[in-house]
Protein chains: 2
Amino acid sequence: MSEFREQVVDFVRDLQSRIVSALEAHEPQMKFKKVSWERPGGGGGDTRVISGGQVFEKGGVNVSVVHGQLPPKMQEKFKSKTTDFFATGVSLVIHPRSPQVPTVHANFRYFEQAERAWFGGGADLTPYVPAPELFRHFHSCFQKACASYALDAYTRFKKECDEYFFLPHRGETRGIGGVFFDYLEGDREKTFEFVKKSGEAFIEAYIPVVEKTKGLKYSERQKKYQLIRRGRYVEFNLIYDRGTLFGLETKGNTESILMSLPPEVHFDFQADLETNEEERQLMGWLKKPVEWADAQT
Amino acid sequence: MSEFREQVVDFVRDLQSRIVSALEAHEPQMKFKKVSWERPGGGGGDTRVISGGQVFEKGGVNVSVVHGQLPPKMQEKFKSKTTDFFATGVSLVIHPRSPQVPTVHANFRYFEQAERAWFGGGADLTPYVPAPELFRHFHSCFQKACASYALDAYTRFKKECDEYFFLPHRGETRGIGGVFFDYLEGDREKTFEFVKKSGEAFIEAYIPVVEKTKGLKYSERQKKYQLIRRGRYVEFNLIYDRGTLFGLETKGNTESILMSLPPEVHFDFQADLETNEEERQLMGWLKKPVEWADAQT
């Protein structure tokens, strides 16, 4: 493996273990288990999973280091004669038990194909209770990481996130967004620095949210609301999410890919998700994305 | 509307009301509600829904009569210069509360586009407990309906069903199958007769299954197994089902389309679906389709 690839793999593995430790510090009941898997076409990965925790009802932090031949669909997309590729990344989805604690997803990845190499990634938050101060905190952590990369990076990546995590058939975003970026080429070292900062930003962004919300009480209605909104999470992941569909198409590890699905979900016919002011406020933010970070910084 | 179209619409509406009555006869707690919807591009439909029943936890029997311009994707598919279409059909998914009572789906539809007109449809059963005698009954009802249409019809349509309701990423079918057919052209009257018989066959096939299973006791494990297997149902419908994806792409009525999703679902990481002999038997049938009907008749 080239020295640069090794550096990226080291970063990815280190980030996985730091995220898992940071999460475990807030989970009194259990540790994340390690599950390793191999990819028949080349490479494999380690998934760190938790299931049935007191704070984290289900979650996974997955590292993959894979290589081999591009599947035909991607060959077409990249219009490349060389068909081998290398990819590594860390991706995670955490489904807390309490509707007070938002669901979170993040993903930082590096891809090499023929002469090209690029980074991608991002993070987005799916809350079930309005907590504007926490949402501002979440966004501003990524805004800071972006500032070091390019002046307009946060504005662009925030917009890409709102556009990507959108369910057209519902007219709603998946949550209150975050950042999303892909195909970052150009100065490799500088881009890698930005991705490292974004990984760090994830820990700073999410862990305090867990800390401040995990002890809060919640009503039966808030739990029911979470179970229904988790259904929208399932709809997004199975209908639209490129990573999920690509993973399944290329015969990736099914259990690691679908680990992103929430543990318990309700699909009600014509569910009313605006039964009170709190819910109407949240749904308003999903229908029309909000500027959470301070535009001046 | 042409006389033939009217006949088909009459059949579809009549079948809907007979299916709803037959189901209601086994539901002590509530009736199916009627929800009407309009399609912005032309036409609309009536969905008969039940939610929170004692026997039927969630279900819908939907009639649609729609017309208008083909969406661009379908124009490409049909390679036709005329872009208007007419379609009508009845489609249903029933999710019983008890794991003893199998989930069922059926759908009978008629489509006109340019000079062409065809019928499609089918039905498939998703059980959570082995009941080979009931599965044989379910299949043999459709086998009888098929026999009047063509000698090899049941064999072909049974195979198409096993192939269609297959989840490649799980290596499993959705259930124990049934029949599936599409693009039946040729003698319009004869085909219509067959589709009418298939609709009748659905009632004969499923209602006795409900009758024989609705009173059976079940264990906590059987309920848990159902909740996890319902997750596979969601995976099929959102990742692979052409009707669902077509409906969402063409901006159909989201609630009527996604009514097919089960009311309560569990997505466990690395769920073991073969914890006992009963489950192993069922999973065996999903991994390798079985000939349920007597090949001689």
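Predicted model: local features only at pLDDT ≥ 70, side-chain atom pairs only at ≥ 80, totals over all residues.
Residues are numbered from 1 along each chain as its sequence is written, and chains are lettered from A and ligands numbered from 1 in the order in which they are written.

Let me start with the pair of chains. Two copies of a chain are related by a rotation about an axis and a shift along it.

Which parts of chain A supply the side that touches chain B? The contact takes 24 residues from chain A and 24 residues from chain B, counting two residues as in contact if their C-beta atoms, placed from the backbone, lie within 7 Å. Strand S2 (43-51), helix H6 (220-240), helix H8 (254-258) and strand S10 (264-266) of chain A each supply at least two of the residues on that side, and H6(A) gives the most, with 4 residues. Helices here are DSSP runs of H or I with at least four residues, strands are runs of E with at least two, and both are numbered from the N terminus. Since 100% of the interface residues of chain A are also interface residues in chain B, the copies meet through the same surface.

Two strands pair if DSSP finds at least two bridges between them.

Within chain A, S2(A) pairs in the antiparallel sense with strand S1 (residues 33-38) over 6 bridges, and with strand S3 (residues 56-69) over 9 bridges. S2(A) and S3(A) form a hairpin with 4 residues between them, where A:Gly52 in the turn has a positive phi of about 80 degrees.

Turning to chain B, there is an open sheet of 7 strands in the order S1-S2-S3-S4-S5-S6-S9, with antiparallel pairing. Strands S1 (33-38) and S9 (177-184) of chain B stand at the edges with a single partner strand each, so one side of each is left without a neighbour in the sheet.

Helix H5(B) lies across S5, S6 and S9 of chain B, at about 15 degrees to S6(B); axes are lines fitted to C-alpha atoms, for helices over the stretch in contact, and angles run from 0 to 180 degrees between N-to-C directions. The axes of helix H1 (residues 3-24) and helix H5 (residues 188-213) of chain B come within 11 Å and cross at roughly 5 degrees. H1(B) and H5(B) are therefore roughly parallel to each other, a term for angles under 35 degrees, with over 145 being roughly antiparallel, 65 to 115 roughly perpendicular and the rest oblique.

Finally, is B:Ala201 buried or exposed? B:Ala201 lies in helix H5 of chain B, and with 23 C-beta neighbours inside 10 Å, B:Ala201 counts as buried. The cut-offs are 20 or more other C-beta atoms within 10 Å for buried, 12 or fewer for exposed, and partly exposed in between, with C-beta atoms placed from the backbone.
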